[in-house]
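I opened this model to look up its fold, its cores and a handful of residues. My notes follow the order in which I checked things.

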Amino acid sequence: MDCCKEAISSSWIYPTLILCVNGFFSAMRPSEAFLTPYLTGPDKNLTIEEVTNQIFPVWTYSYLALLFPVFLITDYARYKPIIILQGVSFIITWLLLLFARGVVAMQVMEFFYGMVTATEVAYYAYIYSVISTEHYQKATSYCRSITLVAATVAAVLGQLLVSLAHVSYFYLNAITLASLSLAFVCSFFLPMPQKSMFFHRKDAAETLQGPDKVMATFNPNEPCSCQEDRDPASADTGPTPEQQADQPQPQSHALKVLVQLSKDLRECYSSRKLLYWSLWWALATAGFNQVLNYIQVLWDFRAPSHSSAVYNGAVEAIATFLGSATSMAVGYVKLNWDLSGELALGIFSAMDAGSLFLMYFTENIWACYAGYLAFKACYMLLITIATFQIAVNLSMERYALMFGFNNFVALVIQTILTVVVVDSRGLGLDISTQKFLYFLWIPEVWNC
């Protein structure tokens, strides 16, 4: 029995399989494409203004408030507890969607959904803590692909159930809750990692004794690259045995980790190339998230769900497929991205702006759908290029840190947009005018 447990814990296949199953059921949410029709329909009986200006903004605010502390706690707690927490948050979110009513209840629901998105970092970081380096590429490919497949299957299933079987949105949410409950159960079967990227580094645990010595694995003067070789002189930066005896406190260790993270960020952003790509990443992601968060409201504005056929699921399925196809195509295009990356950035950002322009001026729902498909495909292509351009110049730890910080900046920008443009306490603009403002935003992004 012990031999079996040891074989399971040492294999990369078992944790990857369990994580893929968890990711599949977590992304298998057929009701998500029909959230706005559900909230404004007879089940919840909310107005479009309440949904747009009072309920949806809460997700942005809670996501921003939770992202940074969750990022640190995720690494400190070694991922698995946060994946379980995500499952709990998922279940609470959909229980509220099913059985709670009123604006306040839906705002609480959005808070827990903010917890869900803030804890997503644990899913994508977990695999690197339990498998060896040579399996990173396969494991990452499987975990990311399975979520895209699940999202596509969920959107198609939701559309078929609504259009052909005439299943109500309430039962779509019940199916989603059942899927999320299965994902929650799967999370308990994940092996508990023994290391993490920052607080529980394996090399520090194996070669150094005492919590303070973990910082000797970092070199604040190291260039932002994937090279892991250390200058022999860097050993002088580590604490002496006498200093270890004087400073054994865990609090000191945590503080040193935070200080080192800030130094790593400063080193990474000292590269002009990484700074420019990160700036585009943050600005574009903020605009993309705003569009994604409110696109169903625009569709309901163009073709009200209470009097028109709803094809949100089909559109989301096609958009997910196009996004994954364009992302995959980047890996097969033989270009010098150092020379062609900025050109691609300008061309496809202009196409993104054009698609928003189309969605603003058209009254035809099908043209609006087409604009959304083009918008999401272009963004997915560009974010893949930006991710590659940043990741190729960084070690895994610094990439994870920079990825988190870029998304944090994007979320700050998105929160400012939400407060000023969307929130009822700000301008409280209608959804069509919001899309026009985001159209103006995109050219500013790629001109940066």
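These entries go from the whole chain down to single residues.

**Ground rules**

I am working with a predicted model, where local features need pLDDT of at least 70, side-chain atom pairs count only at pLDDT 80 or more, and totals for chains, interfaces and linings use all residues. I number residues from 1 along each chain as its sequence is written, and side-chain values use heavy atoms, with hydrogens and water left out.

**Whole chain**

I looked up the secondary structure first. The protein chain has 18 helices and zero strands. Helices (H or I, at least four residues) and strands (E, at least two) are DSSP runs, numbered from the N terminus.

I then checked burial. Of the 448 residues, 50% count as buried. Buried means under 20% relative accessible area, exposed means over 50%, and partly exposed lies in between (1.4 Å probe, protein chains only).

The chain exposes about 20700 Å², and carbon and sulfur atoms supply 67% of that area. Accessible areas come from the Shrake-Rupley method with a 1.4 Å probe; for residues, only the protein chains shown count as cover.

I also looked at contacts (heavy atoms within 4.5 Å). Among those between residues at least 6 apart in sequence, 82% join residues at least 24 apart.

**Cores**

I searched for nonpolar cores, meaning sets of buried Ala, Val, Leu, Ile, Met, Phe, Trp, Tyr and Cys residues joined through side-chain atoms within 4.5 Å. The largest has 58 residues, and Leu19, Leu39, Phe56, Leu97 and Met106 touch the most other members. A second, separate core has 39 residues, including Leu274, Tyr369, Tyr372 and Tyr379.

Leaving aside neighbours within four places in sequence, Leu97 contacts Leu35, Tyr38, Leu39, Lys44, Met106, Met109 and Asn173.

**Salt bridges**

How many salt bridges does the structure hold? I found two. The criterion is a side-chain nitrogen of Lys or Arg within 4 Å of a carboxyl oxygen of Asp or Glu.

One joins Glu32 to Arg29, with the closest N and O atoms 3.0 Å apart. Glu32 is partly exposed at 27% relative accessibility. Arg29 is buried at 14%.

Glu316 and Lys376 form a salt bridge too, with the closest N and O atoms 3.6 Å apart. This pair links distant parts of the chain: Glu316 is in helix H14 (residues 312-330), Lys376 is in helix H16 (residues 365-391), and they are 60 residues apart. Both partners are buried.

**Glu316**

I stayed on Glu316. Its relative accessible area is 15%, so Glu316 counts as buried. Not counting residues up to four places away in sequence, Glu316 touches Ala33, Ala155, Trp299, Tyr372 and Lys376.

Glu316 and Tyr372 are 56 residues apart in sequence and 9.2 Å apart in space, C-alpha to C-alpha. Their side chains make a polar contact at 3.1 Å. A polar contact is a pair of N or O atoms within 3.5 Å; within protein, one must be able to donate a hydrogen and the other to accept it, and residues adjacent in sequence count only if both atoms are side-chain atoms. Tyr372 is also listed in the second core.

**Ser179**

Is Ser179 buried or exposed? Ser179 is buried, at 6% relative accessible area. Ser179 lies in helix H9. The side chain of Ser179 reaches the backbone oxygen of Phe25 at 2.6 Å. Ser179 touches Phe25 and Met28, not counting residues up to four places away in sequence.

**Loop between H4 and H5**

Arg78 has a phi of about 65°, and Tyr79 has one of about 70°. Arg78 lies in the loop between helix H4 (48-77) and helix H5 (80-99), and Tyr79 lies in the loop between H4 and H5 as well. Arg78 is partly exposed at 23% relative accessible area. Tyr79 is buried at 2%.

**Surface patch**

I finished on the outside. Val156, Leu160 and Leu164 form a nonpolar surface patch, with about 290 Å² of accessible area together. Patches are made of residues with over 30% relative accessible area and no salt bridge; like charges are joined within 9 Å, and nonpolar side chains (Val, Leu, Ile, Met, Phe, Trp, Tyr) within 5 Å. Leu164 lies in the loop between helix H8 (136-163) and helix H9 (169-187). Leu164 is exposed, at 65% relative accessible area.
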